[in-house]
Amino acid sequence: MMQFMLLFSRQGKLRLQKWYVPLSDKEKKKITRELVQTVLARKPKMCSFLEWRDLKIVYKRYASLYFCCAIEDQDNELITLEIIHRYVELLDKYFGSVCELDIIFNFEKAYFILDEFLLGGEVQETSKKNVLKAIEQADLLQEVPMGRTK
Amino acid sequence: MSDMVERTLTALPGLFLQNQLGGPAASRAPFFSRLGGLIRGVTALSSKHEEEKLIQQELSSLKATVSAPTTTLKMMKECMVRLIYCEMLGYDASFGYIHAIKLAQQGNLLEKRVGYLAVSLFLHESHELLLLLVNTVVKDLQSTNLVEVCMALTVVSQIFPREMIPAVLPLIEDKLQHSKEIIRRKAVLALYKFYLIAPNQVQHIHTKFRKALCDRDAGVMAASLHIYLRMIKENPSGYKDLTESFVTILKQVVGGKLPVEFSYHSVPAPWLQIQLLRILGLLGKDDQRTSELMYDVLDESLRRAELNHNVTYAILFECVHTIYSIYPKSELLEKAVKCIGKFVLSPKINLKYLGLKALTYVIQQDPSLALQHQITIIECLDHPDPIIKRETLELLYRITNAQNVIVIVQKMLDYLHQSKEEYIIINLVGKIAELAEKYAPDNVWFIQTMNAVFSVGGDVMHPDILSNFLRLLAEGFDDETEDQQLRVYAVQSYLTLLDMENTFYPQRFLQVMSWVLGEYSYLLDKESPEEVIARLYKLLKSDSISSETKAWLIAAVTKLTPQAHSSHVVEKLIQEFTVSLNTCLRQHAFELKHLHENVELSKSLLQGAQNCEDIVVDASLSFLDGFVAEGLSQGAAPYKPHHQRQEEQLSQGKVLNFEPYGLSFSSSGFTGRQSPAGISLGSDISGNSAETGLKETSSLKLEGVKKLWGKEGYLPKKESGADDKTEMPHVPAEGATMENADHATTRKDQAQGLTQSTEEKEKQLLASSLFVGLEPENTINLLGKADVVSHKFRRKSKFKVAQSDKTPSVHNPASSALDSDVARGDDGCLSTLETRDSELSSESLAELPSVEKLSGVSSPAPSLFADNNMEVFHPPSSSAPSTAASLLEEDPECGHSCAMEVCSNDSVSVSSYKIWKDDCLLMIWSVTSKTGSELTDAKLEIFPVENLKVIEQPGCLLPGMETESSKSFQYGVQMESPSVEGTLSGFVNYQMVKLEFSMNLSLLDFIRPLKISTEDFGKLWLSFANDVKQTIKMSEPRVALTSVLTELQQKLRLHVVDVVGNEGLLACKLLPSTPCVLHCRVHADEVALWFRSSCSVLSDCLSCHCQKVMETS
């Protein structure tokens, strides 16, 4: 099961955080700080996996943004990389060639997409089409009563 | 108020000049929204301080807005998003949490969605505000709007208060029948969440899980696999019947039968495949029959995953893992090995890393794999990525033996010096210390390595390392002169280290030094005690020394003082520290002062090395019993430990009970939960004895040494070691170069050939030193027998353990299969026994522990029991002839079931087993002659050590033994005074050969049920003053009293006197007649045990065993 997912920029600014295990705020901050530091210190050609405390960290950089997941000992690192990739694909399709700014300014949308893709730390729906269909349904139902168009 | 924010934001310079932030994307951002403004503002700032100021302003304005009554829900939604942003930046926005809940409750769809999101981001599952969300969730689950239902299910699957699960559970169960698959899928995931946080709450809906597994939509089925993975992990034997279904599903997935929408980059449903592979790995572990079902599909998975894409590698990796987890099949293993090769040799660093990981995992089963990849391993050892390096070291750690230990430990130390992360240091230091202790080639190396460990690991390392090291020095090994040399070298080395100027050592290291100097510096001739004291004194005066270390130093000085002739330093020290502000140091100083003044006393106390004998400590404080009894007789309340008081308060307090009444204690619940556990225990153990290797390594855990290959692993015997060093390494090294030849040439420039070749040579040299002793021919012969190479450093205390560890491997396969029978929990063997002997009354079954019964099967002739009116279970075989020996022959199936070989040589082997007789412990020793020649004049002698007493001793002379026959002797044993354990040793003497052995007996062997009435129990209870209480937390959230009592009755031979509500009374006696009574109470997931006995050791020891039994049950 995925323990948490962090998105942060090359400057170390946190862009998104999703915790699937209950932790105190203090602990979360400490973990975030430590991991951002560790990951940013890694060189580009290095391995995407880290062993950190008793967890495994899988991270990948897309443009200026780092996607970083913590998984348990028996989880598969490579498939976690694909989870990250699928999430990026979803964001890309939703925003239309996504960039960091889309996520900065529409982080709540990014959360909605994530919740439709991963639920409680496990993959819920792998089909790109289905995830976006669910999101659009919710978007539409909301947008219409507000009299706005997307 | 919100206007003010607007003004503040515009006032900030350059705030809206951030258009250049980005091209097209920026234009998509809501330009003038407050959130956009805030984000721009934050991005524009350069210092952390300014950011803090801005956010604090923002937060205070938000605080005012959200609590203002005029704020509309639409504004509230906007505020929530800003609050989420502030929290993400690390600022506290807890004032808004309640409003997030309100928004989820009151808003329209749009607002509700944000409200739920904010709740799931802000709160955690034990947050008290979460209770307020329950009603909203219940309402939304009943909504006719699909989107609302989805939102409610999403939030439930992320956070939900455990105690409120019953409120929504029926609604969610209904959703499993919903027509939309997205709802069904989310409902299954919500149940998965419930299973994780409160497994007992969803116990009754296991059938619904099965339905979800058979759902027509593959997505719902995939979701149910999450639950199955967890359930199977906990209890693999309970789901073996599903194996075929899982195999079928995987076959269909691999065969591309699923709709295209499940494919990922043209690989069919990789997530589903991986999940299924993991499940199969768990099901097939140690189970040949189940494993056979999956060989085909695994083979196909390997074959199909040929596409060169990350995701196929993910599947391959999982496949390899599964193949190595389940019962082995050589054909598949071969393919898996090839597959690992693909990973290891891949130029992609991620794959290489995983290849190393897989190698680390399988290398214990097949060490020759390391030889195949030795060049790659060596390259990875110098890899620029520290993660790769570390994994390589992990791999080397697994293949360390006495011949390559120096090189490997050196590599580990190199890495250690570079790393700064505490977690890594602790881990690595522990491994180095372990390897050094196990394989050290000589004293100098050992001490130097440990010096490095102490100086780097210092104050972060595990404290056990220090105490192990000191104990090793103190207790010594088998050879006394060797021990002295080691101590002398340690002293010398520490004195040199202390003489170095301007070096600082960790406190722990200094403590080690001071202890060793205090104990052993008398062994040095040239160094006088005065000089050592002077050095210690110098350290004492240093500022960088903690007071704990100072106490160690003063203790060392105290030990040295009687040997010193002049003592002005000691006097100075006394003067200074008797006025120390630290009370502990002051006390030490006063002690030293008194000893110093009384030379006779100090000489008698602290003379030489003979003062490290064990001191017996009465941990149960039984010397206070009289005092306590006096207090109690004067009406004082009996002492209750803190946790018990707390628990009693809890149980008395008015806590809402969300459990339906009477559910958890129903007998159906009890058997339902209990019996699978019993079976799983059985299969685990039987697998273990038959397939030790698989069992040990089947998880990817990197911690701890797996002792699959024995401590020396695949080592050649010591005598042949020297030859190996000169010849063996070259053969495999060449082989590997051949294999890697094209790899190397394509990669490397031909022009650099010359320099390359010297580099290659260096690598080969390194390879030969690293992979010494891994040749397959060494490994084969070691599979079958316990290895004989002894450790250089083996602590005496460990010796017994090691010996008993080895015994299972000495067993022949037949007997180990029977062992598994013995070990297969109560249920399993009860039923088999019952079928074997149907006239057996169920009462005697209940009264007698399973262990006893099984040894009963194996043993005794009726004559043994003839004069006792005991209720020992008489198996059908008990009508067999009268000596145990002949019984062994006539009924070999039973005879070996509990027998254990205690010693043997080429011609004779001695095995023994126990019979728990009602009035004593009966030990049966059977001597077997193995050789073809006749054994004459053999003699068996047993003598108890410590407080055991042999009460019946038959003649022990073996007048003459025929070829390959055995003869048995029975000894009745009693414990004279209660103690935790005792040892019986003995020897067989024949034709000038003496074969010694010893056997440990635990207190448990002498515990018998005490059958008394409830009134007698009450009387006994009041008459005893020795009280031991203990609360054991169980893994199950609800413990059934009946299962606890059965457990205690069967495993510890306690008699259940009475059961009152959720409390049980038990009684037992320690042979010959020391009673102990036990009160047991079950509350939620805790079992509170209260022992009383006339003997404190007895209650202590029983309490300890109870804990063990509970924890393993």
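A: In this predicted model, the buried residues of helix α1 of chain A pack against β1 (2-9), β2 (14-19), β3 (49-52), β4 (55-62) and β5 (65-71) of chain A. The residues in question are A:Lys28, A:Ile31, A:Thr32, A:Leu35, A:Val36 and A:Val39. Around the axis they cover an arc of only 125°, so they lie on the same side of α1(A). The other side of α1(A) carries exposed residues, namely A:Lys26, A:Arg33 and A:Gln37.

The length of the helix can be checked as well. Helix α1 of chain A comprises residues 25-40, which is 16 residues, and at 1.5 Å a residue it should span 22 Å. The C-alpha atoms at its ends are 22 Å apart, which agrees with that expectation.

Side chains of opposite charge can pair when their charged atoms come close. Here A:Glu34 forms a salt bridge with A:Arg53, and the closest N and O atoms are 3.3 Å apart. Because A:Glu34 belongs to helix α1 of chain A and A:Arg53 to the loop between β3 and β4 of chain A, the pair ties together parts that are 19 residues apart in sequence. A:Glu34 has a relative accessible area of 27%, which means that it is partly exposed. A:Arg53, at 23% relative accessibility, likewise counts as partly exposed. Over all chains, a search of the whole structure finds 35 salt bridges.

The surroundings of chain A include chain B. In total, 68 residues of chain A are in contact with 77 residues of chain B. The area buried between the two chains is about 6,400 Å², and carbon and sulfur atoms give 58% of that area. A:Glu51, A:Leu78 and A:Phe105 supply 12% of the area that chain A buries against chain B, more than any other three residues. Between chain A and chain B the count is 10 salt bridges. One of them joins the side chains of A:Glu77 and B:Lys357, at 3.2 Å from N to O.

The side chains of B:Lys541 and B:Glu576 meet at 2.7 Å, N to O. B:Lys541 lies in the loop between α29 (529-540) and α30 of chain B, and B:Glu576 lies in helix α31 (residues 568-577) of chain B, so this pair ties together parts that are 35 residues apart in sequence. B:Lys541 is partly exposed, with a relative accessible area of 45%, and B:Glu576 counts as partly exposed at 28%. Salt bridges that share partners also join residues of both chains into one network, made up of A:Glu51, A:Lys56, A:Glu77, B:Lys357 and B:Arg390.

Strand β4 (residues 908-916) of chain B runs antiparallel to β5(B), and 9 bridges join the two. A hairpin of 4 residues connects β4(B) to β5(B). β5(B) also pairs with strand β9 (residues 966-975) of chain B, in the antiparallel sense and over 8 bridges. In that pairing, B:Trp925 stands opposite B:Phe969.

Notes. Residues are numbered from 1 along each chain as its sequence is written. Chains are lettered from A and ligands numbered from 1 in the order in which they are written. This is a predicted model: local features need pLDDT of at least 70, side-chain atom pairs count only at pLDDT 80 or more; totals for chains, interfaces and linings use all residues. Side-chain values use heavy atoms; hydrogens and water are left out. Two strands pair if DSSP finds at least two bridges between them. The expected span of a helix is 1.5 Å times one less than its number of residues. Buried means under 20% relative accessible area, exposed over 50%, partly exposed in between (1.4 Å probe, protein chains only). The arc is that of the directions from the helix axis to the C-beta atoms. Contact means heavy atoms within 4.5 Å. Buried area is the accessible area (1.4 Å probe) that two parts lose on being put together, summed over both. A salt bridge is a side-chain nitrogen of Lys or Arg within 4 Å of a carboxyl oxygen of Asp or Glu.
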